[in-house]
Amino acid sequence: MCEPLICDSGRAGRGARGQWPAAEGKVPEIPASLRRARPPALPEVSELDVVRHYTRLSQLNFSIDTHFYPLGSCTMKYNPRACNAAAMLPEFLGRHPLARSAHSQGFLACMYELQEMLMEVTGMKGVALTPMAGAHGEFAGVAMIRAYHRARADLARNEIIVPTAAHGTNPATATMCGCVAREIGVGPDGDVDLAALRATVGPRTAGIMLTNPSTLGIFERGIAEVARIVHEAGGLLYYDGANLNAILGKVRPGDMGFDVMHMNLHKTFSTPHGGGGPGAGAVGVGPRLLPFMPLPVVAREGEGEAARYRWLVEADLPQSIGRLTGFNGNAGVLLRAYVYMRMLGREGMSRVGDYATLNSNYLLARLQQAGYVAAYPQRRASHEFILTLKSLAQQQGVTAMDVAKRLLDYGFHAPTTYFPLLVPECLLIEPTETESKETLDAFVVAMATILSEAGSEPETLRTAPHRMPVRRLDDVRAARELDLAHRPVSG
């Protein structure tokens with residue numbers, strides 16, 4: 001049964017005036033012309049009613065703290081509470097973003113060390129922390145690529161090559177930066193089509209955007225050749241850091257030949273990113289792009305106890321692409337990432353890659369044994385993998401979306417559905433390194449049960465979920481006829 005709307009729970013005369021007793025009977029100093037002619041159409045409810053209503057609503061949500069959340073390409077993993085506690089120390093929370101460097105040495109020291117650690121794990125030569133999200137980091141990366149070519153008077157280079165296995169934000173980012181996206185395909189094994197790449201590069205090539213492992217959940221084996229082809233054509237390589245979880249401590253984008261990348265600190269390094277935020281998309285650059293980094297960047301002057309930290313500004317990097325935010329990035333997210341990396345250390349970060357890939361390959365093998373079809377069965381998984389339900393849709397009329405909705409009835413959030421688009425009826429599944437074997441086994445049992453239901457009672461799947469507060473919605477109608485306004489029933 002659905003939770004009733006709070007607007008329908010009101011009773012005349014109820015309220016929460018205990019929070020402002022001194023205001024009873026008084027009219028604020030507001031001009032008569034600006035005052036309401038009648039009270040707002042808000043429910044009259046007690047404070048306790050409000051607390052209980054919204055607490056019950058919160059308990060209906062799926063979350064990392066309550067459910068397995070295997071969203072492929074999103075790395076929805078558990079985030080240690082110690083990171084939150086450290087980032088919320090009063091000395092950090094009380095720091096004003098416009099505080100002078102002399103009054104911010106502790107914070108700046110943490111940010112400098114975070115830059116250094118990110119450079120170490122990615123193989124980049126410089127890091128800027130200011131981008132507020134992955135897409136923001138993408139924008140900074142492509143903007144730096146354009147600035148590099150313009151600085152060399154190579155103004156014809158305005159094409160960004162985007163493989164079909166790339167993230168959907170990649171072509172959008174290229175377009176926003178004034179470039180033209182040129183799509184190339186992947187081969188039957190999931191690797192970039194090298195012949196298509198050779199035919200696409202040329203004097204207009206500014207760069208290529210891809211991630212490795214790709215969104216297909218497999219490692220791009222020809223990455224060294226991709227780098228050679230693009231570099232010889234005069235372009236640069238951009239690494240989408242969404243899939244960094246798989247290679248952490250194992251291989252570095254800088255060593256693969258990438259010139260610039262963004263890192264989703266809110267995915268790989270401890271901060272939850274559900275609900276659209278918060279985020280941090282720090283960017284790393286190779287030697288060619290060091291002069292073009294976004295501002296500000298933290299610098300250290302001196303060594304040991306004499307070390308002092310300051311922001312690098314326009315006078316220090318005159319070729320910078322400029323400032324991307326009003327201040328210096330999302331400080332809370334950056335601090336969480338800093339603490340997380342300090343907690344893990346070098347060996348701990350290597351274990352992230354170990355267990356992310358171990359869990360993924362274990363889950364892939366178990367689901368194949370249960371009867372599911374891998375999109376790339378000849379390849380081992382990285383941190384995520386793709387199942388294709390094409391045959392199930394053709395034979396039983398049960399789609400990937402039906403399976404995803406049915407999973408909710410068994411207490412699991414659905415994996416990513418229908419992405420990437422080049423795999424029909426796909427589920428993109430990422431178990432992350434934080435889930436236990438028992439959780440993965442329970443997920444396999446639920447998926448096996450659903451597959452059995454698809455054969456014996458497919459209508460149960462087509463009408464799922466059945467145990468949630470809200471049943472199957474008409475997605476198309478909800479998108480086209482969205483109505484969020486409450487209209488009180490008169491009388």
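**Sheet and neighbours**

Modeller: Strands β6 and β7 run antiparallel and are joined by five bridges. Strands here are DSSP runs of E with at least two residues, helices are runs of H or I with at least four, and both are numbered from the N terminus. Two strands pair if DSSP finds at least two bridges between them.

Colleague: Before we go on, what sort of model is this, and what pLDDT do local features need?

Modeller: It's a predicted model: local features need pLDDT of at least 70, side-chain atom pairs count only at pLDDT 80 or more, and totals for chains, interfaces and linings use all residues. Residues are numbered from 1 along each chain as its sequence is written, and side-chain values use heavy atoms, with hydrogens and water left out.

Colleague: OK, back to β7. Which residue stands opposite G281?

Modeller: That's N264.

Colleague: And on the β5 side of β6?

Modeller: There the strands run parallel, with four bridges joining β5 to β6. D240 stands opposite H262 in β6.

Colleague: Is β6 mostly covered or mostly open?

Modeller: Mostly covered, with five of its five residues buried, where buried means under 20% relative accessible area, exposed means over 50% and partly exposed is in between (1.4 Å probe, protein chains only). V260, H262 and N264 are buried on one side, and M261 and M263 are buried on the other.

Colleague: What's the strand order in the whole sheet?

Modeller: The sheet is open, has seven strands and mixed pairing, and goes β1-β7-β6-β5-β4-β2-β3. β1 (126–128) and β3 (180–184) are at the edges with a single partner strand each, so one side of each has no neighbour in the sheet. From one strand to the next, the twist averages 25 degrees.

Colleague: Which helix packs on β1, β6 and β7?

Modeller: Helix α4 (residues 105–122) touches those strands, and its direction makes about 125 degrees with that of β1. Contact means heavy atoms within 4.5 Å. For the angles, axes are lines fitted to C-alpha atoms, for helices over the stretch in contact, and the values run from 0 to 180 degrees between N-to-C directions.

Colleague: How about β2, what's going on there?

Modeller: Strand β2 (residues 159–163) has five of its five residues buried, so the rest of the structure largely encloses it. E159, I161 and P163 point one way, while I160 and V162 point the other. Five bridges join β2 to β3 in parallel, and P163 has I184 as its bridge partner in β3.

Colleague: Switching topic: how do α5 and α6 cross?

Modeller: The axes of α5 (residues 134–151) and α6 (residues 169–176) come within 9 Å and cross at roughly 50 degrees. That makes α5 oblique to α6 (under 35 degrees is roughly parallel, over 145 roughly antiparallel, 65 to 115 roughly perpendicular, and the rest oblique).

Colleague: Which residues make the contact?

Modeller: A135, E138, F139 and V142 come from α5, and T169, N170, T173 and M176 from α6.

Colleague: Last one: is D191 buried or exposed?

Modeller: D191 is buried, at a relative accessible area of 8%. D191 sits in the loop between β3 and α7 (194–200). Leaving aside neighbours within four places in sequence, D191 is in contact with V186, F219, E220, R221 and R379.

Colleague: And G13?

Modeller: G13 is exposed, with a relative accessible area of 57%, and lies in the segment before α1 (47–59).
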